[in-house]
Amino acid sequence: MAFRVSISIFGKSLRVPRVANVSAPLENASPFLRTAEQLSLLVKDPDQPENSKVLRVAIIGAPNAGKSTLSNQLLGRKVFAVSKKVHTTRSRALGVLTEDDTQIILLDTPGLTTPTKVKRHQLEKSLLEDPWNTVKEASLVVVMVDVSDKWACNKLDFEVLKCLTQYPDIPAVLVLNKVDMLKSKSRLLEITADLTCGVVNGRKLQVRRVIKPPWAERRTDREARTSGSGDEDKPGGDVAHGEGSEAQSGLSKEQLRALKTQQGWAHFKDVFMLSAVDGEDVETLKRYLVVGAKPGSWQYHSDVLTDQTPEEICTNTVREKLLEYLPKEVPYTMTQVTRHYRHTQPYADIVRKMVIGQAGQMVARIAREAGDDLSTVFLREVKLRLSVKVKN
């Protein structure tokens, strides 16, 4: 089923026309901007400070762990689509957080999945390729885990373990998300111990286990026995690697077999416990990223907020609403096609600004050089006065 979208963005252009960190109040700013201006800003030379620092952060995890929600909270604006259903993010998206002399490049990725699921649900290949390719270019990996999901908090997702094992030299931190939905907060220490193999930043964790009554022990054992035979779409449920898993990860069969019995990752540098929808919680992680940035050249101008085009933002936002309001598998059977995308007035403004130039230099140059040429034709001094107007 094709879902055709016609988009028209009405209204006058902003004084700061970009998908960017604007100083204007949030209600007066819009992320839906002109493609030409966005592309122009992306290729613009970064406004480097003297002692610039940079950090490239890849955010990975199982589907629906809250990666895009965290990215939006770090950026201070909703740039990436989010919904309660899995696979809202279909390809890697980039966000830029610039503070003072530091630039944090956030690489939001689709939830790690398997070739089997991609083929069965007819999903884009980008869901398989983008997370792996993104980790390659990162200087820090943030692994997100939804602690409110009983399937996810007992064992790191198999695809996540494969990715971490493939790139062991890239520092990684663990983020336990949705802690506000966990009834027993004491469980957080146990979850941390399980997912880190009891080791954080090379140090052994000292976690005293809660003594459980016999009936609780029996229930835990029963859940552990049935966890492997449940819904294979749950994290860790589908660990079959017969369909390209070895080729995809570059790991040997022996390594993959070892990972199947591995519960966590013993090389996390730090652990954060937060709710991605809580700004105060995320601020701690944000400060950690800023402090962890290394000396280096900025890659983007400080005005850039994302590398997504306005059309891509529109498409992703519509997909978010389809996933949010249509039942079950219905939104996954639909294909979005943007048939029409336009701004009413802004394109003319772009042309006008190009003709006038910065501080009127372009139109002045045109007038001056044209006047000189006409002086040679008429054998007398000619001075031109040009004005630029936009006709509705």
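**Exercise 1.** List the contacts of Thr134, leaving aside its neighbours within four places in sequence.

*Solution.* Contact means heavy atoms within 4.5 Å. By this criterion, Thr134 touches Ala58, Arg92, Leu107 and Thr109. The model is predicted: local features need pLDDT of at least 70, side-chain atom pairs count only at pLDDT 80 or more, and totals for chains, interfaces and linings use all residues. Residues are numbered from 1 along each chain as its sequence is written, and side-chain values use heavy atoms, with hydrogens and water left out.

**Exercise 2.** Place Thr134 in the secondary structure and classify its accessibility.

*Solution.* Step one: helices (H or I, at least four residues) and strands (E, at least two) are DSSP runs, numbered from the N terminus. Thr134 belongs to helix α4 (residues 126-136). Step two: buried means under 20% relative accessible area, exposed over 50%, partly exposed in between (1.4 Å probe, protein chains only). With a relative accessible area of 1%, Thr134 is buried.

**Exercise 3.** Identify the strands that pair with β2, and state how far β2 is enclosed.

*Solution.* Two strands pair if DSSP finds at least two bridges between them.

- Strand β4 (residues 102-108) runs parallel to β2, joined by seven bridges; here Leu55 is opposite Ile104.
- Strand β5 (residues 140-146) is also parallel, with five bridges to β2; Gly61 faces Met144.
- Strand β10 (residues 294-295) is antiparallel to β2 over two bridges; Lys53 is opposite Pro295.

Of the nine residues of β2 (residues 53-61), eight are buried, so the strand is largely enclosed by the rest of the structure.
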